[in-house]
Amino acid sequence: MTVGPYVPSVLVVDDEPFVRSFLRDALATRARVLEAETGEEAIAILQRHTRGTLHLLLVDDVLPSGSGLEILDTAQRHWPWLPVVIITGQGSEELAVKALRGGASDYLKKPIQLDVLLQTVDALTAWSSSALEVLKAAGDGNDSARLVHPNVQKALVFIREHFAKRITLTDVAQEAGLSRFHFCRLFHREVGVPFHDYLHEVRITRAKLLLADHLLTVTEVAYTVGFNDLSHFDRTFRRMVGRSPTEYRRSMRYT
């Protein structure tokens, strides 16, 4: 089946031809797949394709030049709206934790399970497509358009890097170099939602991914994504997802 013109684009960064071939074939019916073997190739592609044309980055943790974590760091600083998934080898749990703390949206273990891959890609490309539509609304829709006000972009980078910690409106406004009042108005205008709604969306999106890991308790997931109160996490999750975290985790077994 050939993909149509309005499907998401996924950049695969891996120096192993077999892995790239597997990912290309697995995603053929649901995404355009771009490929890179090295960190330099990946950055060059990112610079050409991130403004509304790239929706997800799948990157191996070990590359001939650079590493997956280095690419993750670059993507977080320059394209904070782009989800990044780190691909790790067996026994790389410590690296996976570093990746999540560094802003990765998820990680995949080799050998990659097809159902896990497809579920991850579908969830993250859907989120990325929605985020890009919001960001592009601030520009004229062209590839060279300004996505967001530079002060708001600073805030978005800060949120993506620190959402798992206790961050306040004052913290983010100071990072953006604005007063609280001016920041609230500008953020809402540029992003389309209030600051706290956006922060909750980032945290709940990560929580949904972490709930797939049954080794983590719901409480651990809540604290990992930045909630200090389990009841607050449960209420926010129910409001945004339509079911409790436990119910959502149970439903994933049948999807």
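A charge is said to sit over a ring if NZ of Lys or CZ of Arg is within 6 Å of the ring centre and within 35 degrees of the ring normal. With that in mind, please look at R203 in this predicted model, where the charged end of R203 sits over the ring of F227, 5.8 Å from the ring's centre.

Both R203 and F227 also belong to the lining of the second largest pocket, together with other residues including H196, H200 and H232. That pocket holds about 210 Å³ of space, and the largest share of its lining, four residues, comes from α9. Sorted by class, the lining has three nonpolar, six polar and two charged residues.

Let me turn now to the largest pocket, which has a volume of about 1400 Å³ and is lined by 48 residues, with D106, L209, L210, A212 and D213 lying nearest its centre. Here α5 gives the most to the lining, with eight residues, and by class the lining has 24 nonpolar, ten polar and 14 charged residues.

Finally, the aromatic rings, for which the count comes to seven pairs. The rings of F183 and F195 have their centres 6.0 Å apart and their planes at 65°, so this pair is edge-to-face. Because F183 lies in helix α8 and F195 in helix α9, the pair ties together parts that are twelve residues apart in sequence. F183 counts as buried at 0% relative accessibility, and F195 is buried too, with a relative accessible area of 4%. The rings of F187 and F195, with centres 6.2 Å apart and planes at 85°, are likewise edge-to-face, and ring pairs link F183, F187, F195 and Y198 into a cluster.

Technical notes
Residues are numbered from 1 along each chain as its sequence is written. This is a predicted model: local features need pLDDT of at least 70, side-chain atom pairs count only at pLDDT 80 or more; totals for chains, interfaces and linings use all residues. Side-chain values use heavy atoms; hydrogens and water are left out. On a 1 Å grid over the protein atoms alone, a cavity is a set of points where a 1.4 Å probe fits but cannot get out, and a pocket is an open set with protein on both sides within 12 Å along at least five of seven lines; lining residues have an atom within 4 Å of a point. Grid points are joined across faces, edges and corners, and a volume is the space filled by probe spheres set on the points. Helices (H or I, at least four residues) and strands (E, at least two) are DSSP runs, numbered from the N terminus. Ala, Val, Leu, Ile, Met, Phe, Trp, Tyr, Cys and Pro count as nonpolar, Asp, Glu, Lys and Arg as charged, and the others, Gly among them, as polar. Rings of Phe, Tyr and Trp (its six-membered ring) pair if their centres lie within 6.5 Å; planes under 30 degrees apart count as stacked, over 60 as edge-to-face and the rest as tilted. Buried means under 20% relative accessible area, exposed over 50%, partly exposed in between (1.4 Å probe, protein chains only).
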